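User: I am new to this structure and would like to learn how its features are read. Please take me through them one at a time.

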Amino acid sequence: PPSLCDRGVYSVLPSFTFCSLPLANRNRGDGGGGGQAGAGGPGGRGGSSYSYSTTHRRNGKSHTHWHRNPGGCDGSEGQSGRGGTSGPSGNRGPDGEFVVKIANVGEFHDLYDVSISVERLQSAAGWGRATEPHAVMRCYASATNPSLMPTPLTQPLVYDVHGEWVQCAPEHGVTLPLGLVGSATLEPVQFQVAPGSPPYVGAPLVERTLLHHRVTAPRIQKTFACAAKTATEFVVQYPVEMSSAAHALTVSRGDEAPFAIRVHNLSSKPIGGSAGRALSVSIHCAFQAAWQSGDGAALSDVQSAIICPSDVVLRGDGSCEYHAKR
């Protein structure tokens with residue numbers, strides 16, 4: 001009601017979710033504008049009329065003449081004066097008081113809010129920090145309410161995540177504790193990394209992206225800006241990377257051409273062989289041979305081959321080297 005808004009006081013039931021009130025302007029008021037210029041004064045009054053006589057003698061006789069001078073006209077009005085200067089700014093008013101009253105709970109001077117702190121991201125299958133396409137991940141985090149006002153006592157708040165490479169189903173959202181004041185460790189929220197390109201020849205997949213965090217009041221679809229400010233960077237990449245081949249630059253015709261590659265396991269679990277997750281390594285080679293014929297003509301030939309080393313086990317966060325000859 002307006003009467004309560006004017007006093008900055010709200011009384012609400014325990015199902016209170018959000019309210020916002022304008023706070024009084026704490027700045028000094030600007031001075032008023034100068035007054036308009038005053039009108040010019042009226043003209044002066046004309047002089048009064050008067051009569052007089054003159055006497056002169058002629059041929060021994062006196063002659064008297066009567067004279068009359070009419071009064072002067074009133075003067076014209078004077079010019080208007082200059083406008084007044086602006087008044088000084090008013091003094092700063094006293095600070096207003098903002099109070100939220102929740103029935104059967106208490107009075108509070110600020111509204112509750114929720115921020116998110118992330119502890120770690122981890123593969124649900126135990127692959128550690130390896131975050132590959134299609135992987136199911138878990139985000140371990142805590143929620144903090146910096147206000148003394150508790151979060152709703154009956155309407156739960158839900159925490160989930162989203163992002164360009166993130167797929168988080170609604171049923172995987174995590175409910176915050178009711179009436180939260182201070183911090184609380186949350187159940188991990190589960191999401192899936194979006195599909196990506198399959199392994200291919202060339203530079204490895206290394207895509208840096210952000211995991212955005214969100215806290216929502218589902219009943220009114222209200223999100224918390226403080227939680228939305230948190231974003232966690234992670235890298236989308238496959239758990240196994242293979243280096244470029246190291247080889248001799250030239251060999252004689254008919255000689256062996258040795259080369260070596262390095263395969264590295266980025267995850268924390270073994271991959272390949274008896275480890276339960278197959279690892280197939282294939283090397284596509286193209287060789288260009290050049291020589292001179294008997295008559296001195298330059299000849300060349302391009303040959304290709306696919307070399308498949310036998311499957312081996314890569315220990316967690318380990319690597320191995322393949323050595324082959326062609």
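**Contacts, cores and charged pairs**

Analyst: The model is a predicted one.

User: How many residues does the largest nonpolar core have, and which have the most contacts inside it?

Analyst: The general idea is that nonpolar side chains tend to be buried together in soluble globular proteins. In this model the largest nonpolar core has 36 residues. Those with the most contacts inside it are Ile 116, Leu 157, Tyr 159, Leu 176, Phe 191 and Val 215. Two or more residues of this core come from each of S4, strand S7 (136-145), strand S8 (158-162), strand S12 (189-193), strand S13 (207-217) and strand S15 (231-236). Strand S7 gives the most, with four residues. Another core, of six residues, lies apart from this one and includes Trp 127, Val 263, Ile 271 and Val 281.

User: In which sense do strands S4 and S5 pair?

Analyst: Strand S4 (residues 99-102) and strand S5 (residues 106-108) pair in the antiparallel sense, over three bridges. The two strands form a hairpin with three residues between them. In the turn, Asn 104 has a positive phi of about 65°. Across the pairing, Lys 101 stands opposite Glu 107 in S5.

User: What forms a salt bridge with Glu 107?

Analyst: In general, side chains of opposite charge can pair when their charged atoms come close. Here Glu 107 forms a salt bridge with Lys 101, and their closest N and O atoms are 3.3 Å apart. Lys 101 is partly exposed, with a relative accessible area of 30%.

User: How many salt bridges does the count come to?

Analyst: The count comes to four salt bridges. Among them, the side chains of Glu 119 and Arg 120 meet at 2.8 Å, N to O. Glu 119 is exposed, with a relative accessible area of 59%, whereas Arg 120 is partly exposed, at 32%.

User: Where do Arg 214 and Asp 160 lie, and what does the pair tie together?

Analyst: The side chains of Arg 214 and Asp 160 meet in a salt bridge of 3.0 Å, N to O. Arg 214 lies in strand S13 and Asp 160 in strand S8, so the pair ties together parts that are 54 residues apart in sequence.

User: Is Asp 160 buried or exposed?

Analyst: Asp 160 counts as buried because its relative accessibility is 14%, and the cut-off for buried is under 20%.

Terms used
Residues numbered from 1 in each chain as written. Predicted model: local features only at pLDDT ≥ 70, side-chain atom pairs only at ≥ 80, totals over all residues. Heavy atoms only, no water. Pairing = 2+ DSSP bridges. Core = buried A, V, L, I, M, F, W, Y, C linked by side-chain atoms within 4.5 Å. Buried < 20%, exposed > 50% of the residue type's maximum accessible area, 1.4 Å probe, protein only.
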